[in-house]
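Visitor: Hello! I would like to learn how to read a protein structure. Could we go through it together?
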Amino acid sequence: MNAPDAMAHNEAPARQVIEAQKAEAARYAFLLDWGTRLGLLLLLVTFASYLMGGLPPHVPLEHLPGAWHLPVEQYLKQTATPTGWGWLAHAAKGDISNLIGIAVLAGSSLPPLLGLIALYLKRRDYAYAGICASIALVVVLAASGILTAGH
């Protein structure tokens, strides 16, 4: 086999790797793009709704100046503001509803990771599927509050 034939023979696997990486990057970017767009849209809609009075606030505006100076623990107690995932029960309140968009933005890396797992499993690339699954598990555990170090 002469040198040009050897180079052409070696280029075929390299092209396959490059094409596979393009597919992975395209899937990840597409899903991440839509997740961030949805999160930003939710932030805009919930904030606009709060500003226009479409959703009643959890803490009435007239009570805020009296609570702003308080330490966090006292503020939470005085305003009965939930902590952790407790905000979900109050998501229809104008001053808490913006957390929906923040949660979507914070979790927008999860669908792309799950999309990559499916792609890697289809190619029988179990090592990368396992890495993506591990990262997704860490994201879910971190969001759940299980992986907290305390305060």
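Guide: Gladly! Keep in mind that this is a predicted model. Let's start with a pair of side chains: arginine 123 and glutamate 24 meet in a salt bridge, at 2.2 Å from N to O.

Visitor: Which parts of the chain does the pair of arginine 123 and glutamate 24 link?

Guide: Distant ones: arginine 123 sits in the loop between α5 and α6, while glutamate 24 belongs to helix α1 (residues 3–51), and the two are 99 residues apart.

Visitor: Is glutamate 24 buried or exposed?

Guide: Buried means under 20% relative accessible area. Glutamate 24 has 15%, so it is buried. Arginine 123, at 36%, counts as partly exposed.

Visitor: How many salt bridges does the structure hold?

Guide: It holds 2. In the other, arginine 37 meets aspartate 33 at 2.9 Å, N to O. Both lie in helix α1, 4 residues apart, which is about one turn of the helix. Arginine 37 is partly exposed at 48%, and aspartate 33 is partly exposed at 31%.

Visitor: Now the helices. At what angle do the axes of α5 and α6 cross?

Guide: The axes of α5 (residues 110–122) and α6 (residues 126–144) come within 8 Å and cross at roughly 160 degrees. Angles over 145 degrees count as roughly antiparallel, so α5 is roughly antiparallel to α6. The crossing is left-handed.

Visitor: Which residues make the contact?

Guide: Among them are Leu113, Ile117 and Tyr120 of α5, and Ala129, Cys132 and Val139 of α6. The residues of this contact divide into 16 nonpolar, no polar and no charged.

How values were computed. Residues are numbered from 1 along each chain as its sequence is written. This is a predicted model: local features need pLDDT of at least 70, side-chain atom pairs count only at pLDDT 80 or more; totals for chains, interfaces and linings use all residues. Side-chain values use heavy atoms; hydrogens and water are left out. Axes are lines fitted to C-alpha atoms, for helices over the stretch in contact, and angles run from 0 to 180 degrees between N-to-C directions. Angles under 35 degrees count as roughly parallel, over 145 as roughly antiparallel, 65 to 115 as roughly perpendicular and the rest as oblique. A crossing is left-handed if the near helix is turned anticlockwise from the far one by less than a right angle, and right-handed if clockwise. Contact means heavy atoms within 4.5 Å. Ala, Val, Leu, Ile, Met, Phe, Trp, Tyr, Cys and Pro count as nonpolar, Asp, Glu, Lys and Arg as charged, and the others, Gly among them, as polar. A salt bridge is a side-chain nitrogen of Lys or Arg within 4 Å of a carboxyl oxygen of Asp or Glu. Buried means under 20% relative accessible area, exposed over 50%, partly exposed in between (1.4 Å probe, protein chains only).
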